Amino acid sequence: MATGLVPVVSDLQCFKDFILDGETGYCFDHRGSDAAINLSDILAKATLNWSKTSGIAKQSIHMASKFSYTQVANQYIAEFKSLITSNQ
């Protein structure tokens, strides 16, 4: 994501925080016997609508920046400070 590659992920809950289908990446239904067809359809969709996929690439870079080491470290520090302050 951080390099502008558009993520294509299975439709699992663990991806929902940062992959918004059609906005910051593509999700496909990996369950069932037609999982390969679902993935193929998503890849075709991404390839055939390159202008939309290019926009998604830009949004994915922005989303990935929210999860940089610096951002995550700052979130931890803020949480720790909050816990310390609330316990005093």
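Which residues of H1 are buried? The buried residues of H1 are Ala35, Asn38, Ile42 and Ala46, where buried means under 20% relative accessible area, exposed over 50% and partly exposed in between (1.4 Å probe, protein chains only). This is a predicted model, in which local features need pLDDT of at least 70 and side-chain atom pairs count only at pLDDT 80 or more, while totals for chains, interfaces and linings use all residues. Residues are numbered from 1 along each chain as its sequence is written, and side-chain values use heavy atoms, with hydrogens and water left out.

**Helix H1**

- Helix H1 comprises residues 35-48; helices (H or I, at least four residues) and strands (E, at least two) are DSSP runs, numbered from the N terminus.
- From first C-alpha to last, the 14 residues of H1 reach 20 Å, close to the 20 Å expected at 1.5 Å a residue (the expected span is 1.5 Å times one less than the number of residues).
- Ala35, Asn38, Ile42 and Ala46 are the buried residues of H1.
- They cover an arc of only 70° around the axis, and therefore lie on the same side of H1; the arc is that of the directions from the helix axis to the C-beta atoms.
- The cover over these buried residues includes E1, E2 and H2.
- On the face turned away from the buried side, H1 carries the exposed residues Ala36, Ile37, Thr47 and Leu48.

**Thr53 in helix H2**

- Thr53 is located in helix H2, which spans residues 50-65.
- Thr53 counts as buried because its relative accessibility is 5%.
- Leaving aside residues up to four places away in sequence, Thr53 touches Val6, Tyr26 and Ala46 (contact means heavy atoms within 4.5 Å).

**Aromatic pairs**

- Three aromatic pairs are found in a search of the whole structure; rings of Phe, Tyr and Trp (its six-membered ring) pair if their centres lie within 6.5 Å, with planes under 30 degrees apart counted as stacked, over 60 as edge-to-face and the rest as tilted.
- Phe18 and Phe67 form an edge-to-face pair, at 5.8 Å centre to centre and 65° between the planes.
- This pair links distant parts of the chain, 49 residues apart: Phe18 is in the loop between strand E1 (8-10) and strand E2 (26-28), and Phe67 is in the loop between H2 and helix H3 (69-86).
- Phe18 is partly exposed at 25% relative accessible area, and Phe67 is partly exposed at 45%.
- Tyr76 and Phe80 form a stacked pair, with 6.2 Å centre to centre and 20° between the planes.
- Tyr76 and Phe80 are separated by about one helical turn, because they are four residues apart in helix H3.
- Tyr76 is exposed, with a relative accessible area of 51%.
- Phe15, Phe18 and Phe67 are linked into a cluster by ring pairs.
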